[in-house]
Amino acid sequence: MEVESTIVSWFKGLEPTTQALVGTLFTWGVTALGAAFVFFFKSVNRKVLDAMLGFAAGVMIAASFWSLLNPAIEMAEGMGQTPWVPATVGFLAGGIFLWGIDKILPHLHLGYPRKDAEGVKTSWNRSVLLVLAITLHNIPEGLAIGVAFGALAYDIPGASLSGAVILALGIGIQNFPEGLSVSVPLRREGFSRRKSFWYGQLSGVVEPIAGVIGALAVVMIRPILPYALAFAAGAMIFVVVEELIPESQYHRNEDTATVGAMLGFAVMMTLDVALG
């Protein structure tokens, strides 16, 4: 108990940017933990995988509202801004940003042949393209955590340490199946266990980078805070609608994936409302 109190006190004493780094290192670690299951399993039942993808989608949808859009509206009100403007502008800008990256960054979704790679044409091998597809998912997640912790630099409504920690915890929970959903399919496609794990955890490296960038941006430029929160929400919803939901239902496991999404939403909403 004393050790726990010491850790909490230490974390509270950190600068918001450092807190964002610690939070996103945690989510990266959970990604690696999920990827490590490749050392024990060569394959995962498709229904289970689709349920996991659906769960991740549900978590991201809930986090987008409860942890990002709702606080953005509250913060805009507290800063004397028109509440719906930052929420709407930031949300759409986040979606446009991810749409642009999706069109530019070469990537390939699991289960698709090399010829179906998206983004600019490249000679990069299949494994790199597969990892980049999951990396796209993690950019908005890292930004969301970074912005949430960066908001703590200002004493304004909607910003709380508990809320930022819950967001990191929720994203960490859904990162576990994401790491698993990368490493195990790679193993099934013939990669070694070690290489499958390496690529699986590598997909989460972008989160600490995006987290620190997000935190620094809002710490240095206070007026963009509500826009930044909404931006992260829009980017996350783009990923959910463009990638996670279609992938989870592609193999005719619609009911399983939908139940997973409902559970993911409920878990994240409960964490945010009850503990945030």
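Biologist: In which helix is the place of glutamate 247?

Modeller: This is a predicted model, and the place of glutamate 247 can be read from its helix assignment. Leaving aside neighbours within four places in sequence, glutamate 247 is in contact with Arg46, Asp50, Leu53 and His109. The helix that holds glutamate 247 is H9.

Biologist: Is glutamate 247 buried or exposed?

Modeller: A residue counts as buried when its relative accessible area is under 20%. Glutamate 247 has a relative accessible area of 15%, so this residue is buried.

Biologist: How many Å separate the C-alpha atoms of glutamate 247 and phenylalanine 231?

Modeller: Glutamate 247 belongs to helix H9, and phenylalanine 231 also lies in helix H9, which spans residues 225–249. The two residues are 16 residues apart along the chain. Their C-alpha atoms are separated by 24 Å.

Biologist: Which residues does serine 248 contact, leaving aside its neighbours within four places in sequence?

Modeller: Serine 248 is found in helix H9, and with 2% relative accessibility it falls under the 20% cut-off and therefore counts as buried. Its contacts beyond those sequence neighbours are Asp50, Leu53, Gly54, Asn253 and Ala257.

Biologist: How many salt bridges does a search of the whole structure find, and which residue pairs with arginine 46?

Modeller: Side chains of opposite charge can pair when their charged atoms come close. The search of the whole structure finds one salt bridge. In the pair formed by arginine 46, the closest N and O atoms are 2.7 Å apart, which is within the 4 Å that a salt bridge requires. The count is one, and the partner of arginine 46 is aspartate 50.

Biologist: Where do arginine 46 and aspartate 50 lie, and which of these two is buried?

Modeller: Both residues lie in helix H3 (residues 46–78), four residues apart, about one turn of the helix. Arginine 46 has 28% relative accessibility and so counts as partly exposed. At 0% relative accessibility, the residue that counts as buried is aspartate 50.

Biologist: What is the distance from aspartate 102 to the nearest side chain of opposite charge?

Modeller: Aspartate 102 is found in helix H4 (residues 84–104), where it is buried yet has no salt bridge. The nearest side chain of opposite charge belongs to lysine 103, and a salt bridge would need a nitrogen and a carboxyl oxygen within 4 Å. The distance to lysine 103 is 4.6 Å.

Biologist: Which residues are in contact with aspartate 102, apart from its neighbours within four places in sequence?

Modeller: Contact here means heavy atoms within 4.5 Å. With the sequence neighbours left aside, the contacts of aspartate 102 are His107, Glu118, Gly119, Leu136, Phe238, Glu242 and Glu243.

Biologist: Is glutamate 243 buried or exposed?

Modeller: The place of glutamate 243 is in helix H9, and its contacts beyond neighbours within four places are Asp102, His107, His109, His137 and Phe238. Its relative accessible area is 5%, below the 20% cut-off, so glutamate 243 is buried.

Biologist: How many aromatic pairs are there, and what is the geometry of phenylalanine 11 with phenylalanine 149?

Modeller: The count comes to eight aromatic pairs. The rings of phenylalanine 11 and phenylalanine 149 have centres 5.8 Å apart and planes at 80°, and planes over 60 degrees apart count as edge-to-face. This pair links distant parts of the chain, helix H1 (residues 2–12) and helix H5 (residues 126–150), 138 residues apart.

Biologist: Which helices are tied together by phenylalanine 97 and phenylalanine 231?

Modeller: The two rings have their centres 5.3 Å apart and their planes at 50°, so the pair is tilted. Phenylalanine 97 is partly exposed at 35%, and phenylalanine 231 counts as partly exposed at 22%. The pair ties together parts that are 134 residues apart in sequence, in helices H4 and H9.

Biologist: Which residues make the nonpolar surface patch of about 280 Å²?

Modeller: One contributor, valine 267, has its place in helix H10 (residues 254–275) and is partly exposed, with a relative accessible area of 34%. Patch members need over 30% relative accessible area. The residues that make the patch are Phe26, Leu169, Ile173 and Val267.

Key
Residues numbered from 1 in each chain as written. Predicted model: local features only at pLDDT ≥ 70, side-chain atom pairs only at ≥ 80, totals over all residues. Heavy atoms only, no water. Patch = residues over 30% accessible without salt bridge, like charges linked within 9 Å, V, L, I, M, F, W, Y side chains within 5 Å. Areas by Shrake-Rupley, 256 points an atom, 1.4 Å probe, with all protein chains shown as cover. Buried < 20%, exposed > 50% of the residue type's maximum accessible area, 1.4 Å probe, protein only. Lys, Arg positive; Asp, Glu negative; His and termini not counted. Phe/Tyr/Trp six-rings, centres within 6.5 Å; stacked < 30°, edge-to-face > 60°.
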